Structures are given as structure tokens and as C-alpha cells.
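Q: Could you walk me through this chain and tell me what stands behind each label you use?

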Amino acid sequence: MAATTHTVGNQAPPLVAYDVFGGDRVLTEALERHLSDAPPELLGEVRDDLTVLGRAAGSAQAQEWARQANENPPRLVTHDRYGNRIDEVDFHPAWHRLLGKAVGAGLTDAWGRPAGHLRRAAGFFVWSQAEAGHGCPVSMTHAAVPALRVDPELASVWEPLLTSHLYERELRPPATKAGVLFGMGMTEKQGGSDVRANTTTATALDAAGEYLLTGHKWFCSAPMCDGFLVLAQAPGGLTCFLVPRVLPDGSRNAFALQRLKDKLGNRSNASSEVEFDRTWARRVGEEGRGVKTIIEMVAATRLDCAIGSAAQMRQALTQAVHHAEHRSAFGARLIEQPLMRNVLADLALESEAATVLTMRLAAAYDADTDQERAFLRIAVPAAKYWVTKRCTPMVAEALECLGGNGYVEESGLPRLLRESPLNSIWEGSGNVQALDVLRALQREPLALNAFLQEVGLARGADHRLDSAIKDLLTDLADLEGIQARARRVVERIALVLQGSLLVRWAPPEVADAFCASRLGHDWGSAFGTLPHSLDLGAVVERARIAG
């Protein structure tokens, strides 16, 4: 009789058909906490919507769309069959299904809705776990609204289309569409993040705000979109402009795609170089105030960077815990092995801290008070800096929890790892975020006061947090020559803020573990080096899929 050589055992089953929203205790608690004063029917509506989205995100269908969209990356089509320049990007159908689901779920519709930013942030967190690449145009479309509101006439035309729940992929005049997507083109090859070095020029056509742009953008995100916010040099200085792909008469605007970037990750999404040659544009805001006009868009996309990274961290943690629950080694399940439990608990702390922080910031957008706006001025770039920085090492550690299985493409974790550095670079790398926090500290005292009031709500609850706040105040007492230590300062700001939120809202064992490791001195340099005296089992239990 032939030997049985292909019996498969001791392998974790596929993680499918689960509710990404309802299975996440930390996210559901955050939603209920920040909506505790909302009408019960609003909380019920938001929970129901997110449950539908969460089940879709955890489905085998969404996982298949993600695989297809990344294994079949977008293709640049510069000309039609007759030789006419069309400059289009051809995507796999799975990309359109992912994007259509995001738009249909209201992930571009936050401004002016009850609890709009919180529900939208939670939805973005949930659906990004299915596939992250399509989140780029979703984020920019959402974030374009506050920039366009500088010009009420433009906003009245474009905002209903930007916040629509209908996805229309074809390039047509915006007036003939039920919904549109927006991208942006800020950086140029000679300047990068130093946008004031931009050389793209804008020549006025009339006094009504119409211009012609000439220049080259080094990174133009999501070039298949209907419109773009770009920066160019007008006679009055650096100015913000709206560039539509299709003009009102149905003709194509001059928007020459030079090439698509060949990127480390983010394969499903198209990033391009674009050339403007007398490209029609409409001015947004006053000449010379381009950075001030577009900064609201940048702030919103920076928060999305933190939310997107928090989502990747949660997905990586979920995969690691699922594997450890079903895989046995050395006589016990991995999740029962003390050393693996330490690793998983450490990953769970990082994920919970990122989730709690990003949902707190989304709720601050909804509150929209002077105090909360001042708080966001420091908290958003600090969160963007720290959460996106922590994403890559955490995803790498989660991948290692699966051993060799995690290193194979079929697990999904290699794609997640390739995606993980993106948010730390997009919308300004770490140094840009750190310098932005310094500007706020030096020029906007209300921002520092708002931050200190926020963390002060937890003062006295944990001695390690109190000590960390005291050390931070010592750092901030001397802002002269602070640039060289800016990263360390911003890291402390983020950790103190995360610690204060967990002390206030997380279970005691979670807050204790976070303060002991991130704010104390009893922690190693790698994940899995938490103090042995902590209740690691309780921390890991919160990371399991609820229900």
C-alpha cells in the first residue's frame, strides 16, 4: 500500500468570513465611547453600517479582489488605437470593485454629517484591512473638501460630487457625473517636500481665476481621478489650483502622463509623473497663499496615513493571533507558549494604542471647537509621525509569528509588509512631521496648551505617565536648537498622548503594560520583551476576534 505523504495537519485555517468591525473590541469600544452622547438611533445606524462593511472586509470575496488588484497592477495607456493622446490608466476590475465599495460605504463623505469624521475614520480603518492601495484616492477625495471650501463657488459645484456615494469610473465632464474622485500634485523633482521650490508656472487667462499651467509634477497621486489640487507659481507666488481631467465641453485637458512609478508596494494604486503644457486650471484661494489653502487637505490626509497604518497593524495582529491559536509546537498551541504570548501581547499593545489615538483624533474633527482644533494642530503630525513609523516593524514581527508560512505570498503578509512603509513617506516623511510639530510648538501656544490639557486629564492615574509628562515638559522648556532632537521630542509627545488615552479608557492590564513598556524603563528593544510581571494573557485576549 502506498504511503500517505500528503496529509495536511497542524496548519491554521484561512481567516475568512469574519466581521472585521464587530470582531475588534478596541474599535467598537472607541466608537461607542465617542458616540456616548449621540442619539441612540445614530449609534445604531453607524454600528449597522460598519457591521455590513466589516463583514464585507473579512469576506473571501474581498480577499480575492485584493489579490487580483495587486497581482494585476495598473497599466498606462497613452494613446488610443488611432494615435490620439488619451493618457488613461487601465485597472483590473477588482480595483474598481474595491473602490466602488469604499465610495458606496461613504468613505469620502465625512464633512457635515453627524459624527461624520468618526464613522468615516472607523470605516476607512475597517475597509483598509481588505486592501490598502485603493485608499489613496479615497483619502484625497475626502480631504479635498476643506481646501475647496476656501472658494464657496467651487465648493458648491464639486463638494456634492466629492461626497457622493456613487462611484463612476469613466472620464467625463463632471457636470454629467453623479460622483467624482480627486487626486493631488504637489511635489516636483527638484524640491520634493520643499514645495516652495516648485517651478510649475501659472499664467492668468482672465480675472475670473482661470489660468494655464506649465510644468512637471514628480509625484501625481491617482492619475485616473476626475480632478486634482496642484501647486504652481503664479505672479503673486505659490498658489493652489484645481485641474480637471475633462473640460466642460468634453475635451481632455492637457494632462500628459509620462510614466507610472514602479513602487516597492502599493501595487494596486497608480502613482505617476505628469506634464502640464498650457493646462487649464481654476485658482483656489488667493495668489501666493497656496500652502495655506491646501494645508487643510494635507492635515486630513495625514490623519488618514495614521488611520491606514493603524488598520495595517490591526490586520497583521489579527493574522498573527489567528495563526497562534491554531498552530501547535512543542506540545502546546503557540498562543499558550509564554514567549509567543509575550510577543503577541506586545503587538496587541501597539495596535490598541494606534487605534485609540486615531479614533480620538477623528472625534476631535467632529467636535470642531477651538480647543479641539488647537489640539489637532500638534496631535495630527505627531500621530502621523509615530503610528506610521511603528507600522513596519510591527508588521514584520507579525509576519515572523507565522514563520515560513508568513514569508509566502499566499499568506497576504508579504503584501502587507511591502505596503507598511508607505504612510510614513506619503504626505511628508518623518522629518517633515517632526518639523511641523516644532513649528506649532514655537508659533502656536494654544496648540501646546490644548495638548497639555488633553494629557492632563489622566494625570495622577499612573506614576510612569506622570513622570513621562514631566520629562516632556523639561524637553519643551528649551525650544532653541531643538531641531536635532525633534524626532525624540515628537516620539515622546505621541507616546505620552497614547499612554494618557489608554490610562483613561483601556482595561487596567492594557494601560499598565503600555506604561511599563513605552513610558517606563523595563522593556527591551524588540517586540516580545515585556516585563514578565504583567498580565500578558489578558492583553492577548483583547486582540482575539470577538464573538
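A: Over residues 288–441 the chain is 82% helix and 3% strand, with its end C-alpha atoms 25 Å apart. Helices here are DSSP runs of H or I with at least four residues, strands are E runs of at least two, and both are numbered from the N terminus. Please keep in mind that this is a predicted model, where local features need pLDDT of at least 70 and side-chain atom pairs count only at pLDDT 80 or more, while totals for chains, interfaces and linings use all residues. Residues are numbered from 1 along each chain as its sequence is written, and side-chain values use heavy atoms, leaving out hydrogens and water.

Q: What makes residues 288–441 a domain in the record?
A: An unreviewed UniProt entry annotates them as "domain: Acyl-CoA dehydrogenase/oxidase C-terminal". UniProt positions follow the numbering used here, feature names are shortened, and annotations may be inferred rather than shown by experiment.

Q: What makes strand S7 and strand S8 partners of S9?
A: S7 (residues 237–244) is joined to S9 by three antiparallel bridges, and Cys240 stands opposite Val284 in S9. S8 (residues 256–260) is joined to S9 by four bridges, again antiparallel, with Ala256 opposite Glu275.

Q: Why is helix H19 called largely enclosed?
A: Six of the eight residues of H19 (residues 536–543) are buried, so the helix is largely enclosed by the rest of the structure. Buried means under 20% relative accessible area, exposed means over 50%, and partly exposed lies in between (1.4 Å probe, protein chains only). The buried residues are Leu536, Ala538, Val539, Val540, Arg542 and Ala543. They pack against helix H1 (25–34), helix H8 (290–326), helix H9 (338–367) and helix H18 (508–519), where contact means heavy atoms within 4.5 Å.

Q: How do you know whether Pro381 is buried or exposed?
A: Pro381 has a relative accessible area of 3%, so it is buried. Its place is in helix H10 (residues 370–401). Leaving aside neighbours within four places in sequence, Pro381 is in contact with Leu376, Gln433, Asp436 and Val437.

Q: What makes the phi of Ala17 and of Ala115 worth a look?
A: Most residues other than glycine have a negative phi. Ala17 has a positive phi of about 55°, and Ala115 has a positive phi of about 50°. Ala17 lies in the segment before H1 and, at a relative accessible area of 70%, is exposed. Ala115 is found in the loop between helix H4 (93–104) and helix H5 (116–128) and, at 17%, is buried.

Q: What volume does the second largest pocket have, and which residues are closest to its centre?
A: The second largest pocket has a volume of about 1,100 Å³. Of its 40 lining residues, Gln63, Glu409, Glu410, Ser411 and Gly412 are the closest to the centre. On a 1 Å grid over the protein atoms alone, a pocket is an open set of points where a 1.4 Å probe fits, with protein on both sides within 12 Å along at least five of seven lines, and lining residues have an atom within 4 Å of a point. Grid points are joined across faces, edges and corners, and the volume is the space filled by probe spheres set on them. Helix H3 (60–71) gives the largest share of the lining, seven residues.

Note on methods: Pairing = 2+ DSSP bridges.
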